[in-house]
Amino acid sequence: VLRYAHKGAAHTSFSSQAPGKERTLIVVKPDGVQRRLVGRIIQRFEQRGFKMVGLKMLQVSEDLLSNHYRQLRMKPFYSDLVQYMTSGPVVVMAWEGHQVIQSSRNMVGQTNPAEAQAGTVRGDFSLHVSRNVVHASDSPEGALRELQLWFRGQELLDWECIDESITCE
Ligand code: ADP
């Protein structure tokens, strides 16, 4: 019997120490949405074995961005970055799985696409650091902070994927 257990909002967590239950934030930036790359980016995470636990499309506010990129506010490129990130809708995702934070940074590639390896999202789909298609949280602390910033608790779902016992251990 397939049981798709949605355990409900009360059990939803932004992060977990449980093995295989790590969570991270991935954002397809406006250039990725405009270029219709959303499906291919989702496919890479699915085929790797990660589980989608949150998904939505939205127009980012400057408030959210200034919080998200608060460490970059003094950078010379900051105003261009805000303009870029607010230039159109983004697709925001939460992914769960074994060491998903580190793995997804590797799948996304270096910040500057010229330094990103072929096979990474940025290495395959982008040329310039100011249009690098996708965001991925860079640490457990960053992932927790960013998931709390971009999602409400009830937007993240706990559910069981029937192949988890095969892909995770
Ligand atoms: P990452 O997104 O790989 O974690 P950073 O946190 O350093 O990298 O930068 C956040 C985002 O700011 C980058 O993904 C990119 O969109 C933009 N950015 C970083 N450096 C530059 C730069 N030198 N010029 C323009 N945009 C930049």
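Tutor: Arg44 counts as partly exposed, because 18 C-beta neighbours lie inside 10 Å. The cut-offs: 20 or more other C-beta atoms within 10 Å is buried, 12 or fewer is exposed, and partly exposed is in between, with C-beta atoms placed from the backbone. This is a predicted model: local features need pLDDT of at least 70, side-chain atom pairs need 80 or more, and totals for chains, interfaces and linings use all residues. Residues are numbered from 1 along each chain as its sequence is written.

Student: Where is the place of Arg44?

Tutor: Helix α2. Helices are DSSP runs of H or I, at least four residues, and strands are runs of E, at least two, numbered from the N terminus.

Student: What does Arg44 touch, leaving out residues up to four places away in sequence?

Tutor: Met107 and Val121. Contact means C-beta atoms, placed from the backbone, within 7 Å.

Student: New topic. How many residues are in the largest nonpolar core?

Tutor: That core has 30 residues, and Trp95 and Val134 have the most contacts inside it. Such a core is a set of buried Ala, Val, Leu, Ile, Met, Phe, Trp, Tyr and Cys residues joined through C-beta atoms within 7 Å.

Student: Which elements supply at least two residues each?

Tutor: Among them are β1 (23-28), α2 (38-48), β3 (90-96) and α7 (140-150). β3 gives the most, with six residues.

Student: And which residues is Val134 in contact with, beyond four places in sequence?

Tutor: Its contacts include Ile26, Ile41, Val108 and Val121.

Terms used. Two residues are in contact if their C-beta atoms, placed from the backbone, lie within 7 Å.
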